[in-house]
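Subject: A structure for you to look at

Hi there,

Here is the structure I promised to pass on. Please open it next to this email and follow along as you read.

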Amino acid sequence: MLYLSDQCCQSNSSSFARSAPSRQVLLVSSSRRPDHWIVPGGGVEPEEEASVTAIREVQEEAGVIGKLGRCLGVFENCEQKHRTEVFVMTVTEELPEWEDSRSIGRKRKWFTMEDALTQLSLHKPGQLTYLQSLLTCRNEKVT
């Protein structure tokens, strides 16, 4: 993990995986609470770009490959000392098995935007702003 000396923050990266035609988003089960759905993401390794982390983490956690699109923004949580850069990814391939499905039984599931908002509000409210940023881009091209 990369610790930024200026803000003493842990740097993370997440991707909103989406299906191009249906505008659904892919969430993964939490490793700590398998019945909770969250946005895939994780820590940025030293010398790694956030965009590279996003691609790696979504493949490890959700078992998907795709085309990384625009950055939705950088979201800071001063209380937890996290800084997360969030990207949009259009999924082009779903792997039948992936690292986290084998090692910890992680699941993935496609949600409508409305259902994803509900899931995040229940299980990971800090990630709601990510999806809200995606929704504000509704009339813009996000890939």
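A question to begin with: are α3 and α4 roughly parallel or roughly antiparallel to each other? Before you answer, please keep in mind that this is a predicted model.

To work it out, find helix α3 at residues 113-123 and helix α4 at residues 128-136. The two pack at an angle of about 160°, and their axes are 9 Å apart. An angle over 145 degrees counts as roughly antiparallel, and therefore α3 and α4 are roughly antiparallel to each other. The crossing of α3 past α4 is left-handed.

Next, you can pick out the residues that make this contact. On the α3 side they are M113, A116, L117, L120 and S121, while α4 brings in L128, L131, Q132, L134 and L135. Sorted by class, eight residues in this contact are nonpolar and two are polar, with no charged residues.

Now stay with α3 for a moment. Which of its residues are buried? They are M113, A116, Q119 and L120. If you look down the axis of α3, these buried residues fall within an arc of 120°, so they line one face of the helix. Turn to the other side of α3 and you will find E114 and L122, which are exposed.

Reading from the N terminus, the order of the elements is β-β-β-β-β-α-β-β-α-β-α-α. The chain has 143 residues, and 47% of them count as buried. Contacts across the sequence are worth a look too: among those in the chain with a separation of 6 or more, 64% are between residues 24 or more positions apart.

E94 is in strand β7, which covers residues 82-94. Is E94 buried, partly exposed or exposed? Its relative accessible area is 41%, so E94 is partly exposed. Leaving aside residues up to four places away in sequence, E94 touches G63, V64, R108 and W110. Take the pair E94 and G63: they are 31 residues apart in sequence, yet their C-alpha atoms are 6.1 Å apart in space.

Best wishes

Notes: Residues are numbered from 1 along each chain as its sequence is written. This is a predicted model: local features need pLDDT of at least 70, side-chain atom pairs count only at pLDDT 80 or more; totals for chains, interfaces and linings use all residues. Side-chain values use heavy atoms; hydrogens and water are left out. Axes are lines fitted to C-alpha atoms, for helices over the stretch in contact, and angles run from 0 to 180 degrees between N-to-C directions. Helices (H or I, at least four residues) and strands (E, at least two) are DSSP runs, numbered from the N terminus. Angles under 35 degrees count as roughly parallel, over 145 as roughly antiparallel, 65 to 115 as roughly perpendicular and the rest as oblique. A crossing is left-handed if the near helix is turned anticlockwise from the far one by less than a right angle, and right-handed if clockwise. Contact means heavy atoms within 4.5 Å. Ala, Val, Leu, Ile, Met, Phe, Trp, Tyr, Cys and Pro count as nonpolar, Asp, Glu, Lys and Arg as charged, and the others, Gly among them, as polar. Buried means under 20% relative accessible area, exposed over 50%, partly exposed in between (1.4 Å probe, protein chains only). The arc is that of the directions from the helix axis to the C-beta atoms.
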